[in-house]
Amino acid sequence: MVAGNAAGVNRGAVHMAEDLAFLNRLADPSDRFESPPGTSAGAQLADAGKALVDYGGSVWANPHRVFDDLQSGANKVYAGLVPSATPTADTFAGEVGRMYGIGKNQGELAANIASLPAGGEALGPLRTLRGASQLRKATRYLDEAGHLDAVAYLEKPYRTTGPAKGRGKGDHAVLKERDRLPKILGGGPWPRSILDSPFNRVQFKGLTQGQAYALHAMIDDRSYGARLPNNLSVKGWSARKAGIDTQTGFDRAWNRTPEATKTLMGSLVGGAVGTTGEALDGDESW
Amino acid sequence: MVKIYPSAEFDADFPDDMVEEDGEIALFPGRNVAEAIADLLRRAGLTPGEPTHQGEHGWVFDTKFKERALWIQVTTFEDQHFYMDTEDTTFMSRFLRAPKAAYVEFLVVLNREINADSRFRNLTWFAAKDLKRNNGMATPVED
């Protein structure tokens with residue numbers, strides 16, 4: 001959890017309440033008579049429609065603009081939500097402020113997404129991972145067998161080894177490293193830049209070693225466990241022994257969707273109902 | 001329709017070849033077993049590439065069989081016990097309703113070669129998602 005998440009959830013709730021209030025005003029015939037000139041819900045909707053028509057005209061004149069705008073929007077959303085997408089601040093206070101802003105954005109997005117299945121009526125507890133209880137039992141069997149040194153190792157923050165070292169290992173969600181290009185393009189591996197794109201890779205940042213192995217086993221059919229260092233009392237961690245199975249259905253789809261893709265989807269959904277793209281609260285978060 | 005079981009587990013008598021640096025894993029184990037399986041395929045007339053390291057996934061290599069691009073992964077994290085995965089990675093193959101005949105034939109060859117080598121024991125085949133549940137088959141192909 002990043003500082004600011006709770007504030008973001010609150011802000012998401014406020015924004016959703018504002019959206020619902022806007023819809024109520026739109027449905028209220030007296031709103032246009034009681035609101036100051038140009039501020040009724042109907043007038044705001046008309047202004048939005050006019051802006052859309054104007055935008056459509058400019059796209060007609062310059063079709064490439066829509067791609068530029070989409071890219072710019074996606075970049076802004078990504079930078080606003082992913083701590084590693086923007087440089088760290090020079091000062092401690094600046095970094096706290098940066099992380100707080102990102103946390104607020106994450107909280108608001110999570111609140112928006114979490115409320116969708118409930119029709120926007122409920123703000124359930126935040127769960128960025130579906131089936132988080134499986135992660136909690138990742139090391140239980142080792143604990144019960146007395147392999148406390150292995151448990152301690154698996155509770156350390158996840159770090160990468162081997163070819164992914166420094167790149168931030170994760171699960172390639174859509175295109176796998178083993179997937180091959182069409183024969184007409186040579187039939188070789190896909191370019192690294194596409195494979196490691198934030199839209200193709202579920203990253204294990206913020207997880208412990210054990211949680212990362214468990215999540216990997218939950219979302220990847222071909223991940224069964226991991227070897228542990230030789231100085232520990234047990235040779236490896238096993239998904240089967242931990243009672244962790246490959247997920248199915250929505251849980252699997254959700255957990256296998258990279259954060260950047262969720263962010264973009266949330267932004268598009270949020271934008272569609274008017275919760276994003278609005279004037280901010282005067283801080284650096286959106 | 002032919003049903004295939006493209007993943008497997010087996011026991012094998014190979015030394016632990018994990019490489020550590022400063023108490024941390026630098027190379028996960030299983031390279032020697034991946035190389036042994038690649039050699040078996042070579043003897044069967046295929047042309048597998050050299051295994052490459054894939055972190056906790058272990059070691060993987062590609063091969064070709066009758067124009068199909070195929071992939072093999074070897075993972076280990078228990079004493080002399082190994083997990084093996086295969087996949088037809090030819091472009092668009094994941095969207096096929098049924099496996100291509102060449103991939104089915106490849107699995108039959110792989111099963112035959114591993115069973116014929118005395119270093120390997122207890123070879124059992126699975127649907128990939130079932131390998132964590134331990135209810136396997138003796139052969140990789142079922143008519």
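Where does B:Asp22 lie in chain B? The notes below start with the model and come to this residue in point 5.

1. **Basis.** This is a predicted model, in which local features need pLDDT of at least 70 and side-chain atom pairs count only at pLDDT 80 or more, while totals for chains, interfaces and linings use all residues. Residues are numbered from 1 along each chain as its sequence is written, chains are lettered from A in the order in which they are written, and side-chain values use heavy atoms, without hydrogens or water.

2. **Interface extent.** In chain B, 38 residues are in contact with 42 residues of chain A (contact: heavy atoms within 4.5 Å). The two chains bury about 3,600 Å² between them, and carbon and sulfur atoms give 47% of that. Buried area here is the accessible area (1.4 Å probe) lost on putting the two parts together, summed over both. B:Glu56, B:Phe77 and B:Lys132 supply 24% of what chain B buries against chain A, more than any other three residues.

3. On the chain B side, strands S2 (7–12), S4 (24–27), S7 (68–78) and S8 (81–88) each give two or more residues. Strands are DSSP runs of E, at least two residues; helices are runs of H or I, at least four. S7(B) gives the most, with six residues. By class, this side has 12 nonpolar, 11 polar and 15 charged residues. Asp, Glu, Lys and Arg count as charged; Gly is among the polar ones.

4. **Cores.** The largest nonpolar core has 34 residues, and B:Phe10, B:Ile37, B:Met84, B:Phe106 and B:Phe120 touch the most other members. Such a core is a set of buried Ala, Val, Leu, Ile, Met, Phe, Trp, Tyr and Cys residues joined through side-chain atoms within 4.5 Å. Elements giving it two or more residues include helix H1 (31–43) and helix H2 (101–115) of chain B. A second, separate core of 32 residues includes A:Leu129 and A:Phe204.

5. **Positive phi.** B:Asp22 lies in the loop between strand S3 (19–21) and S4 of chain B. Its phi is near 55°, positive in a residue other than glycine. B:Asp22 is exposed, at 81% relative accessible area (buried is under 20%, exposed over 50%, partly exposed in between; 1.4 Å probe, protein chains only). B:Lys66 also has a positive phi, about 50°. B:Lys66 sits in the loop between S6 and S7 of chain B, and counts as exposed at 53%.
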